[in-house]
Amino acid sequence: MNANRDRTAWLQGGQAHCQVGPQRQDRPHRLVLLGAPGVGKGTQAELLGERLGTCHLSTGDVFRAAKSLAEGERSPGLEAALEYMRKGELVPDSTVLELVRERVRCLRCPGGFLLDGFPRTVAQAEALEQLLAGERVALEAVLSYDLPLDEIVDRLSGRRTCGTCKAVWHVTARPPRVSGVCDHCAGQLYQREDDRPESIRVRMAAYTSSTAPLTEFYQRKNLLRTVPAHGSPEDIFQRTLAVLAV
Ligand code: AMP
């Protein structure tokens, strides 16, 4: 677990409270990270979180956290969502939005937020806009990470995730000090089911048809900041900081 933030309120929803929240900030960063699966958004969100003291909020992490619940503890909607996820398909907007609404206090958190994997459709982006307006907070920027498809597939197949704190590693590009073990919390690393080749193809198709139009949506609102996503995580991080001027 990251020592500065634990994200319990986001991962568990409901009445759950974070033991260690993000640092209160004078001007909290409220960012959306966009980009195809495997482009490195999760890693950048984590690096940004460490630098800015802001929580990395991923809807994919919420679904993965739900997987470890006992079957009886999952609602029918969540059960169905996990089936979409296994196949690499997008979970229906209504389910995703219900889950985000349950966690709306994370959006008004004085530490700000780094949204990763949400919104993923224009309907979700419109709903987010309304939610934020209701909380009287505004997005600072939308970072859009760009990378050619063949490099993306390579990144996805080498990706490994920590089963405990959800930190993301890569077998060659960002290896942990000990193979298969998380540097942050010593948790076991695993390969996500949806990082298998057949799921990767479905996820890329879903991205092209549903998520790519979001760049235009945010461009029109003058929030889009494009970040070339080639090179090492550190290179991409330096570009991210330059774009944000932090
Ligand atoms: P991610 O970790 O962001 O790549 O998400 C993993 C999977 O969770 C996706 O392939 C979808 O099945 C599901 N998922 C996560 N976030 C969303 C979302 N905002 N809308 C629809 N499905 C989502």
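**Ground rules.** I number residues from 1 along each chain as its sequence is written. In this predicted model, local features need pLDDT of at least 70 and side-chain atom pairs count only at pLDDT 80 or more, while totals for chains, interfaces and linings use all residues, and side-chain values use heavy atoms, with hydrogens and water left out.

**The two parts.** I found domain 1 at 8-15 + 28-147 + 211-244 and domain 2 at 149-190; such bounds come from an automatic or database domain assignment. Taken over C-alpha atoms, their centres lie 19 Å apart.

**Where they touch.** I looked up the contact (heavy atoms within 4.5 Å), and 17 residues of domain 1 join 13 residues of domain 2 there. The buried area is about 1200 Å², with 55% from carbon and sulfur atoms; this is the accessible area (1.4 Å probe) that the two parts lose on being put together, summed over both. On the domain 1 side, G38, E46 and L147 give 42% of what that domain buries against domain 2, more than any other three residues.

**Charged partners.** I then checked for salt bridges (a side-chain nitrogen of Lys or Arg within 4 Å of a carboxyl oxygen of Asp or Glu). The count between the domains is 1. I also saw that the side chains of E46 and R174 form a salt bridge, at 3.7 Å from N to O.
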